[in-house]
Amino acid sequence: MATRVLTLDVYLNAPNVTHENFRSAATIFEYDVVFWDPANTLETYQFSVGDPYYKGDPRIADHETSSLAQDIIRRRSEFEEFIEMGRTLVIFTAPAQHFWYDTGKRDKSGTGRNQKVTTIVNRMDLMEAAIPAKFRAAAAEGTRISARQSSFRSLLSGAPDRWWYRAILEEYPGEPLAVVTGTSKCVGSIKRYPKGGMLLLLPDLQGPDHPANSDGVEELDADEPSAPLEELTEEPEEDLGDDKASLELITWVESLRTQNGEASPPWLQRYQFPEDAETTHKIAELEAKKAEILAKIEALEGGKEVSDAWKRLLYATGDELEIQVLEAFRILGFQAERGPEGRADIVLQLDTKNAVVEVKGLNSSAAEKNAAQLEKWISEEMLSGSGHVKGILVVNSYRHIPPQERSSPAFPHQMVTFSTPREHCLVTSVQLLAMVRAVLEDPSRAPSICEKLLDTTGAVTGWENVTSLFAPIKS
């Protein structure tokens, strides 16, 4: 009987292959082998209208959140049972497929017309949630792949220009199939299960019409909409002939299935060679050390993420910059909240003192219009009954230039002349970073820094020695 093959969000041009989407209702249990490319899956769901990305990752539309959650639960359960039944799941490994979704929770701050409702969203990795095995992938791209097993070597050599890796497997189930040439960095693995099932994590097989594999391919205009994935996964209207690389891949997977043979009987566990017990003990010790090391790495990576986030004060703009400035004021000791929609970016409170903050990421210097915008927020806040309100303008000026090379003033003379009578405090995000670093090192400095920001009229002086914030890079 011919092997029955199903693909999810990937097209393999070969006979007897059924193409579906991860989100479709089609069950996988009618097939012997399932291929899935998670890098194409999120595109089949609608993103949030007007705000399709959050912090660089897709934000799933609210009405699609429930569907995606249910699809992930359903497919993971299917994948687990599918492998348990002795069948084969093949996944084209991709870097983490993170997305944001609405949790249904809301955070309310302020009262009356100043009340702000914030949607609470969570981040999830599609691959981690759906693949029924422990693994960890880091984004990396390349074409230099070496096989660790002879059968996969023949598959690579049959179409060397079609295979590339999109991620390195830092942790993977089973044993390695392929590595980055000249290294031990795994880009493909295979895990065999007791009842004959298999889980394969493979590098990506590019289509024959991929630009890297085609001469004279006409490029689409960047503004021309591309076809939705549902269209791409349909059978072509014309018979263009089977793709040799797709056929060879399917044949190779079939050969692995026939090699699996009969699973070892349970009673075999009672028989061991003299060295087996010692080997098992050493493996357990190494696994414990491995878990300890991975936990330390995870903690260090978490610290590095925080460190990298603070560096946004050197280059970022928009929402990314506002979020980091907000966190900076909180570190300094202010009670800081995002302002209501259409009002000040940030609202501050320290004891009985109130302030509003305008945040700008700029390619050049600040301008009088930025100070005028801040003055408008001050007036509106005072009209709402907040009493005296201090205005603070935070700018990341000349953000495309390294901070130590920003020789032009962030706040030109005519702007300072406009802001001084209005008691604006003008501070750069680089100065704010220096203040944060000082408080993180010595929390007792926070009160004096807050006082400086609230009492300064015009541009803040000092806190400009950027080189003192960073360690020299060792060559």
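Mentor: Helices and strands here are DSSP runs, a helix having at least four residues and a strand at least two, and on that basis the chain of this predicted model comes to 12 helices and 21 strands.

Trainee: What makes arginine 75 count as buried?

Mentor: Buried means under 20% relative accessible area, and arginine 75 has 0% relative accessibility, so arginine 75 counts as buried. Arginine 75 is found in helix α1, residues 62-84, and, with neighbours within four places in sequence left aside, is in contact with Leu8, Asn21, Phe22, Ser24, Ala26, Thr27 and Ile28.

Trainee: Why is tryptophan 267 called partly exposed?

Mentor: The term covers values between the buried limit of under 20% and the exposed limit of over 50%; tryptophan 267 has 46% relative accessibility and therefore counts as partly exposed. Tryptophan 267 lies in the loop between α5 (244-259) and α6 (276-310).

Trainee: How do you know whether cysteine 186 and cysteine 450 are buried or exposed?

Mentor: Cysteine 186 has a relative accessible area of 2%, and is therefore buried; cysteine 450, at 2% relative accessibility, also counts as buried. As for covalent links, a disulfide is a bond between the sulfur atoms of two cysteines, and a search of the whole structure finds 0 disulfides.

Trainee: Which residues touch the most other members of the largest nonpolar core, and which element gives the largest share?

Mentor: That core has 37 residues, and those touching the most other members are Val325, Phe329, Leu332, Leu348, Ile392 and Leu453. Elements that give two or more residues to this core include α8 (318-332), β17 (346-350), β19 (389-396) and α12 (446-455), while the largest share, 8 residues, comes from α11. Leucine 348, leaving aside neighbours within four places in sequence, is in contact with residues including Phe329, Phe334, Val357 and Ile392. Apart from this core lies another, of 34 residues, among them Phe35, Phe152, Trp163 and Val180.

Trainee: How many of the contacts in the chain with a separation of 6 or more join residues 24 or more positions apart?

Mentor: Such residues account for 67% of those contacts. Of the 475 residues of the chain, 42% count as buried, and the accessible surface comes to about 26300 Å², with 50% belonging to carbon and sulfur atoms.

Note on methods. Residues are numbered from 1 along each chain as its sequence is written. This is a predicted model: local features need pLDDT of at least 70, side-chain atom pairs count only at pLDDT 80 or more; totals for chains, interfaces and linings use all residues. Side-chain values use heavy atoms; hydrogens and water are left out. Buried means under 20% relative accessible area, exposed over 50%, partly exposed in between (1.4 Å probe, protein chains only). Contact means heavy atoms within 4.5 Å. Accessible areas come from the Shrake-Rupley method with a 1.4 Å probe; for residues, only the protein chains shown count as cover. A disulfide is a pair of cysteine sulfur atoms within 2.5 Å. A nonpolar core is a set of buried Ala, Val, Leu, Ile, Met, Phe, Trp, Tyr and Cys residues joined through side-chain atoms within 4.5 Å.
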